[in-house]
Amino acid sequence: MELSEDNTPIITEEKDIKGLPIQKIYQGCIKSMLIDRETIRARIKELAQQIADYYQNRPYLIIVILNGSNLLWLDLFNELNEIYLSGKYENYINAEYIKIKSYVGTESSGKITIYGEELLKVEDKEILIVEDIFETGKTLTKFVEVLKNKKAKSIQIFCLRSEERRVGK
């Protein structure tokens, strides 16, 4: 997989979708895909290794933002679990789940509601947030503020994709 200077995959061609399991509702709407499943899995594996290398034997709390990050988290969990079971580091997976709502349908409502934040115990803990898509940045900025106010020791963000057309607007 060829990566750009900022470590994002360089997409050189669209891939044919013939033979792929696509839900009926989407058939006829999708002509091709930009990134195939194997490329995504390979990238998640690389990032999981970077995460494990970064934290090494230090405990950290993973906060998964639902619902969008479910499948991403499943793949990341499996990769991290494999690394920790190999014995390379004496660490384990400690995860909490929250839901953040800022959209009504496909449009941002401008209002950010965080569900489950009151249950998070993050004081003096290193935090890794798992989010699937970074769009405007408003939601994550608000959530990071919440974690800082709760005195998290450090905050890192794992995100697979950034929507450049929305970032900074």
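Of the 169 residues in this protein, 30% count as buried, where buried means under 20% relative accessible area, exposed means over 50% and partly exposed lies in between (1.4 Å probe, protein chains only). The model is a predicted one, so local features need pLDDT of at least 70, side-chain atom pairs count only at pLDDT 80 or more, and totals for chains, interfaces and linings use all residues. Residues are numbered from 1 along each chain as its sequence is written, and side-chain values use heavy atoms, with hydrogens and water left out.

Three helices and seven strands make up the element list, taken as DSSP runs numbered from the N terminus (helices: H or I, at least four residues; strands: E, at least two). Reading from the N terminus, the order is β-β-α-β-α-β-β-β-α-β. Among contacts (heavy atoms within 4.5 Å) between residues at least 6 apart in sequence, 71% join residues at least 24 apart.

The axes of H1 (residues 37-55) and H2 (residues 70-85) come within 9 Å and cross at roughly 50 degrees. Here the axes are lines fitted to C-alpha atoms, for helices over the stretch in contact, and angles run from 0 to 180 degrees between N-to-C directions. That angle makes H1 oblique to H2, given that under 35 degrees counts as roughly parallel, over 145 as roughly antiparallel, 65 to 115 as roughly perpendicular and the rest as oblique. H1 brings Arg37, Arg41, Ile44, Lys45, Ala48, Gln49, Ile51 and Ala52 to the contact, and H2 answers with Leu72, Asp75, Leu76, Glu79, Leu80, Glu82, Ile83 and Tyr84.

What about H2 on its own? Buried in H2 are Leu72, Trp73, Asp75, Leu76, Glu79, Leu80, Ile83 and Tyr84. These cover an arc of only 165 degrees around the axis, so they sit on the same side of H2, the arc being that of the directions from the helix axis to the C-beta atoms. Turned away from that buried side are the exposed residues Leu71, Glu82 and Leu85. Just after H2 comes glycine 87, with a positive phi of about 90 degrees.

Thr139, Leu140, Phe143, Val144, Val146 and Leu147 are the buried residues of H3. Seen down the axis, they fall within an arc of 155 degrees, so they line one face of the helix. The face turned away from them carries exposed Lys138, Lys148 and Asn149.

Most residues other than glycine have a negative phi. Glutamine 56, in the loop between H1 and strand E3 (61-66), has a positive phi near 50 degrees. Glutamine 56 is partly exposed, at a relative accessible area of 40%. Lysine 151 is not a glycine either, yet its phi is positive, at about 70 degrees. This lysine 151 belongs to the loop between H3 and strand E7 (154-162), and is exposed, with a relative accessible area of 51%.
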